[in-house]
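Here is a short note for someone opening this entry for the first time. Please read the points with the model on screen.

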Amino acid sequence: MNDVIQVRAGRALRVWVIVVLLIVAQLAVIAPRENTAYAANNGLGAKPYMGWSSYSMQVYSGNSAWITAAQIKVQSDAMHTTLQSHGYEYINIDAGWNGGMDGYGRPVPSATLYPNGLGEVIDYVHNNGQKIGLYMIPGLAPQAYTADLPIYNAPGCSMQDIAVLPLTTADYWGLGYKIDFSNPCAQKYIDSIANLLDSWGVDFLKFDSVTPGSGHNDTSIDSRGDVAAWSQALAPHGIWFELSWALDHNYVDTWKQYANGWRVDWDVECYCTNTALTSWPNIARLFPDAATWWRDAGPGGWNDFDSLNVGNGAMDGLTQDERRTAMTLWAMSSAQLYTGNDLTNLDSFGISLLTNDEVIAVNQAGRPAHPVSTATNQQVWYANNGDGTYTVGLVNLGSAAATVTVNWTDIGLNGAANVRDLWSHTDLGSYNTGYSSINLPAHGSRLLKVRAAGGSVTANDDDTGIKYSGSWQRSYNRGLGDYQDDVHFTQTNNDYFEYSFNGTGVELITEKDSSQGNIDIYVDNVFKGTVSTYNATRQLQQSVYAISGLANGAHTLKAVKKSGTYMLVDKLRFSVPADIAVNDTDTSITYSGTWTYNGSRGFGDYQDDVHYTSTNNNYAQYTFNGTGVELITEKEAGQGDIDIYIDNVFKGTVSTYNATRLTQQSVYRISGLTNGSHTIKVVKKSGTYMLIDAFKVTTNKTQINNSDAGLTYSGAWSLNGNRGFGDFNNDVHFTQTNNDYVQYTFTGTGIEYITEKEAGQGDVDIYIDNVFKATVSTYNATRLANQVVYQITGLTSGSHTFKAVKKTGTYMLLDSLRVTP
């Protein structure tokens with residue numbers, strides 16, 4: 001059969017000619033079809049895929065050399081050497097790979113491009129431990145129709161049986177004919193091609209010129225029938241199904257039902273032959289796309305931003321800041337992470353971008369970020385990870401350097417948080433209300449991991465971690481006072497949502513109204529009760545269910561509609577356990593060998609001191625009660641490697657080397673331990689020095705800041721914030737009047753009173769459940785912040801009241817309370 005010429009358009013409708021055979025199908029009118037989510041059931045889309053695609057280099061070079069057997073093998077080898085250990089596994093061959101069709105209208109690979117057969121190349125890629133993909137477009141080839149070829153393994157079916165009459169174009173380029181999928185022979189045709197691809201060993205199919213989309217955001221050209229037919233045909237074979245390009249968001253439910261991924265915009269390539277792969281405008285236009293599509297991505301199917309061309313230096317067509325910003329966008333959006341670069345010519349900066357495992361982990365976590373606002377070019381993007389951490393991207397889309405600030409309250413984080421820069425692998429410290437990147441360069445970005453330091457975290461109703469089952473809809477811009485001005489709602493009894501989180505408690509906050517009824521609540525699949533959301537008049541942001549005192553770890557809240565016209569979800573709030581800092585001077589830390597104490601260093605250490613040793617194999621050991629621990633130390637040029645053991649099991653070697661001094665660095669963290677007693681041991685292996693600054697222990701305790709609404713202050717109390725002394729959340733409440741008191745009712749088995757000790761402070765009387773327990777001193781000759789001055793454990797599980805009364809001294813302070821469930 002003769003080849004046909006296919007043209008492909010860029011954003012400016014720039015065309016490029018590729019030789020490709022038209023051999024797939026198109027539907028004129030969508031036939032009724034069972035509502036089966038074929039792609040969602042194929043088990044492939046748990047995470048965004050990672051790999052390489054040939055198309056960018058095809059465009060750059062202006063020829064098909066980039067899809068030859070020799071070139072595919074070279075790129076496969078390069079990916080195997082440089083990228084594969086970081087998760088990259090797909091080698092995708094784009095347009096132009098085929099050279100004809102067989103007697104059944106099925107594709108035949110080009111003998112010119114693959115002289116030893118395409119199967120040899122597929123085997124080569126598979127032997128490298130990789131997967132391989134091919135490219136097709138909708139439509140029935142005119143040659144197949146004219147010859148009225150029979151359909152394989154479908155007696156009595158031929159091409160003229162399945163074409164829509166009168167003959168109608170099937171694709172963006174007008175090269176093929178639509179197929180009538182109301183005829184059962186049509187599905188048999190698509191099945192025959194899918195079965196052939198499977199027999200070759202194909203793992204991935206990119207399906208291009210999908211409409212509505214591809215420049216036709218209407219149903220004048222409509223390939224939804226093809227999408228459904230291909231999804232059904234590929235599902236039994238475990239072949240990833242990716243749709244392209246610039247798909248119409250109005251039909252997102254169809255794309256989500258049938259595909260593992262979908263392109264949200266035009267080609268990222270600038271079509272600058274032998275000059276550049278892409279350009280900044282083609283990257284910048286994806287930010288509004290990400291803001292539109294982020295809610296639609298999740299396990300089963302992901303937003304596709306096209307090739308990430310950040311690895312070849314000047315060839316990319318981007319500055320270094322722009323290259324990092326592109327990688328930041330793809331990562332925080334959980335977009336398919338595939339590059340179009342020449343993998344044999346990656347520069348060192350490109351390799352550092354593409355192989356940053358902390359950044360890749362953000363992408364693979366599958367929590368797409370969304371913007372606080374797109375009203376300015378200085379934007380904050382964030383994702384709540386459901387475990388007390390946030391991914392935060394700070395982006396300057398403007399043409400001049402500017403400061404970009406994230407405020408914790410804007411992202412639903414209530415309290416202080418620790419900030420880590422994922423690009424530099426650097427812990428930046430604890431911040432009470434937010435973090436600012438000063439003079440962020442034009443088109444520059446930062447990618448941060450923000451970890452709540454105790455308190456609570458809010459997830460809005462559209463959080464991608466909430467899984468809705470049934471006929472839920474989102475209502476937004478209601479103007480009624482909902483959190484972030486939106487809700488999810490359903491009218492169907494037994495519809496439900498589930499939310500999995502890591503913490504010690506959770507709260508369901510919704511609207512009460514006369515049209516709403518009862519909701520059944522389950523926690524960890526245990527029925528907890530039925531709550532009413534009925535009220536004669538509308539009440540916004542009402543807490544209708546709360547549970548606390550859960551063991552720190554993974555839990556699931558499930559809420560089921562039982563009655564009423566509507567069930568609404570506004571937001572969830574879950575409690576995050578506090579990381580308890582243990583200074584290097586704590587008597588429970590055992591130092592083995594020759595260690596020296598160094599205080600008043602003035603470098604920014606926790607409590608301004610460290611222990612250090614110069615002798616290899618000296619170690620420090622600390623036994624703690626909790627579910628995780630973190631080692632905090634300094635990084636510096638004189639320091640080297642440390643071996644880490646947990647409960648006498650070797651966990652790994654970590655480096656504390658850095659060319660310049662960095663203090664309060666988290667060099668090792670483990671979580672998810674069984675709640676109980678554990679031991680961390682850290683052993684010096686190399687370098688001139690090993691330092692211990694502090695350990696941070698994750699427990700099931702919840703830290704309550706002094707400004708918490710549940711606290712009752714009696715007397716003349718004042719709030720003092722931004723003190724800079726190391727208080728929890730950088731603030732305290734204080735009084736100067738004897739017999740003033742603070743009271744807090746909690747659910748749990750114990751509580752700790754945390755305050756400052758200082759020369760102006762004196763005695764405090766402590767009561768539990770109105771029973772006097774002790775008089776404690778808060779006096780010290782010098783200031784000591786974050787001091788536990790009273791602790792009680794072993795209370796019966798349930799509700800208790802803590803009361804602290806000022807007795808002597810100039811001041812009494814409250815910094816925080818820590819509750820044990």
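1. Start with helix α10 (residues 286–293) and helix α11 (residues 320–332). Their axes lie 11 Å apart, and the packing angle is about 10 degrees. Angles under 35 degrees count as roughly parallel, and α10 and α11 are therefore roughly parallel to each other. Keep in mind that this is a predicted model.

2. Which residues of α10 meet α11? They are Leu286, Phe287 and Ala290. On the α11 side, the partners are Thr325, Leu329, Trp330 and Met332. By class, the contact of α10 with α11 holds six nonpolar residues, one polar residue and no charged ones.

3. Now follow α11 to helix α13 (residues 357–365). These two helices pack at an angle of about 40 degrees, and their axes are 7 Å apart. From α11, the contact takes in Met327, Trp330, Ala331 and Met332. From α13 come Val359, Ile360, Val362 and Asn363. Seven of the residues in the contact of α11 with α13 are nonpolar, one is polar and none is charged.

4. The axes come within 9 Å and cross at roughly 45 degrees. That angle makes α6 oblique to α7. The crossing of α6 past α7 is right-handed. Gln187, Ile190, Asp191, Ile193, Ala194 and Leu197 make the contact from α6. Ala229, Trp230, Gln232, Ala233 and Leu234 make it from α7. The residues of this contact of α6 with α7 divide into eight nonpolar, two polar and one charged.

5. Turn to the strands. An open sheet of three strands has the order β37-β38-β45, with antiparallel pairing. β37 (595–599) and β45 (690–692) are the edge strands; each has a single partner strand, so one side of each is left without a neighbour in the sheet. Direction ignored, neighbouring strands of this sheet are turned by 30 degrees against each other on average.

6. How many bridges join β37 to strand β38 (residues 609–613)? There are five, and the two strands run antiparallel. Gly599 stands opposite Asp609 in β38.

7. Another open sheet of three strands runs in the order β48-β49-β56, and its pairing is antiparallel. At its edges stand β48 (718–721) and β56 (812–814), each with a single partner strand, so one side of each lacks a neighbour in the sheet.

8. Gly721 has Asp731 in β49 as its bridge partner.

9. Last, the aromatic rings. The whole structure holds 36 aromatic pairs. One of them joins Tyr104 and Tyr152: the pair is edge-to-face, 5.1 Å centre to centre, with 80 degrees between the planes. Tyr104 sits in the loop between β5 (98–101) and β6 (107–109), and Tyr152 in the loop between α4 (142–147) and α5 (159–162), so the pair ties together parts that are 48 residues apart in sequence.

Terms used. Residues numbered from 1 in each chain as written. Predicted model: local features only at pLDDT ≥ 70, side-chain atom pairs only at ≥ 80, totals over all residues. Heavy atoms only, no water. Axes fitted to C-alpha atoms, helices over the stretch in contact; angles between N-to-C directions. Helix = DSSP H or I, 4+ residues; strand = E, 2+ residues; numbered from the N terminus. Parallel < 35°, antiparallel > 145°, perpendicular 65-115°, else oblique. Left-handed = near helix turned anticlockwise from the far one by under 90°. Contact = heavy atoms within 4.5 Å. Nonpolar A, V, L, I, M, F, W, Y, C, P; charged D, E, K, R; others polar. Pairing = 2+ DSSP bridges. Phe/Tyr/Trp six-rings, centres within 6.5 Å; stacked < 30°, edge-to-face > 60°.
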